[in-house]
Amino acid sequence: MTGIGTLSRVKSLWVTYYVTGCGGVELLPVITSRFDAERFGIIVSATPRQSDVLIVSGFLTTKTLRRIIRTYEQMPDPKYVVALGACTINGGIYWDSYATADKLEFYIPVDIYVAGCMPRPEAIFMGFGHLMGMIKQGKADGWKRYKERYEWYKKNQDKALGNSKKWRMRDV
Ligand code: SF4
């Protein structure tokens, strides 16, 4: 049986949008009156420190990657990551660019991918539906994986970004 705490969390997901790529344009209709994400308890949070969900909406340059990692590490547990678009899965059309990191899941754990270039708002809502189901079942456990496999994530982060002491907040 799902506990009241879990049900409350599912019905009140506070979100930080990290708009990294062109796909961010589809998020505007999601949070405004056309699709009205707030109907489902999905609201935009003021800061990562009050957020449950991080949305990464496209390709990752090496510059934005370090901000994404810092944003993720500021969020309290339990926290979830939704990755939008082909670029977060395998680099998409930027897969061989010298300036991008091609797989988000190498650097922070991803709970849900919404495929497409760019996914429509309907697909984004479907992704959130899956995420809510996973939270209810206790399967949205990326935040635990980040702690358990931190050395692996850290190695990938250092490989992409160089000396971690210059930008890392602290070890988790
Ligand atoms: S998946 Fe498509 S829309 Fe999204 S950032 Fe990549 S190229 Fe842009």
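Author: Start with how angles are given: axes are lines fitted to C-alpha atoms, for helices over the stretch in contact, and angles run from 0 to 180 degrees between N-to-C directions. This is a predicted model. Helix α5 (residues 121-136) lies across β2, β5 and β7, and runs at about 165° to β7.

Reader: What order do the strands have in the sheet?
Author: The order is β2-β1-β3-β5-β7, in an open sheet of five strands with parallel pairing.

Reader: Which strands stand at the edges?
Author: β2 and β7 (112-114) do. Each has a single partner strand, so one side of each is left without a neighbour in the sheet. Neighbouring strands of this sheet are turned by 30° against each other on average, direction ignored.

Reader: How many bridges join β1 to β2?
Author: Three bridges join strand β1 (residues 13-18) to β2, and the two run parallel. Leu 13 stands opposite Ile 42 in β2.

Reader: And how many join β1 to β3?
Author: Four bridges, with β1 and β3 (residues 53-56) running parallel. Here Tyr 17 stands opposite Ile 55 in β3.

Reader: What about β3 and β5?
Author: Four bridges join β3 to strand β5 (residues 80-84), again in parallel. Val 56 has Ala 83 in β5 as its bridge partner.

Reader: Which residues does Ile 43 touch?
Author: Trp 14, Val 15 and Glu 38, leaving out residues up to four places away in sequence.

Reader: How far is Ile 43 from Asp 102?
Author: They are 59 residues apart in sequence and 28 Å apart in space, C-alpha to C-alpha.

Reader: New topic. What surrounds the ligand?
Author: The shell includes Gly 21, Cys 22, Gly 23, Gly 58 and Phe 59, and also Gly 85, Ala 86 and Cys 87. Gly 92, Ile 93, Cys 117 and Met 118 surround the ligand too. By type, the shell divides into seven nonpolar, five polar and no charged residues.

Reader: What kind of peptide bond runs from Cys 117 to Met 118?
Author: A cis one, with omega near 0°. Met 118 lies in the loop between β7 and α5. A cis peptide bond also joins Asp 77 and Pro 78, where omega is about -10°. Pro 78 is in the loop between α3 (62-74) and β5.

Reader: Why point those out?
Author: Because most peptide bonds are trans, and most residues other than glycine have a negative phi.

Reader: Where does Asp 36 lie, then?
Author: In the loop between α2 (27-31) and β2. Asp 36 has a positive phi of about 50° although it is not a glycine. Asp 36 counts as exposed, because it has 12 C-beta neighbours inside 10 Å.

Reader: Last one: how many residues has helix α7?
Author: Twelve, residues 150-161. From first C-alpha to last, α7 reaches 16 Å, close to the 16 Å expected at 1.5 Å a residue. Just after α7, Gly 162 takes a positive phi of about 80°.

Terms used. Residues numbered from 1 in each chain as written. Predicted model: local features only at pLDDT ≥ 70, side-chain atom pairs only at ≥ 80, totals over all residues. Contact = placed C-beta atoms within 7 Å. Expected span 1.5 Å × (residues − 1). Pairing = 2+ DSSP bridges. Near = placed C-beta within 6 Å. Nonpolar A, V, L, I, M, F, W, Y, C, P; charged D, E, K, R; others polar. Buried ≥ 20, exposed ≤ 12 C-beta atoms within 10 Å, placed from the backbone.
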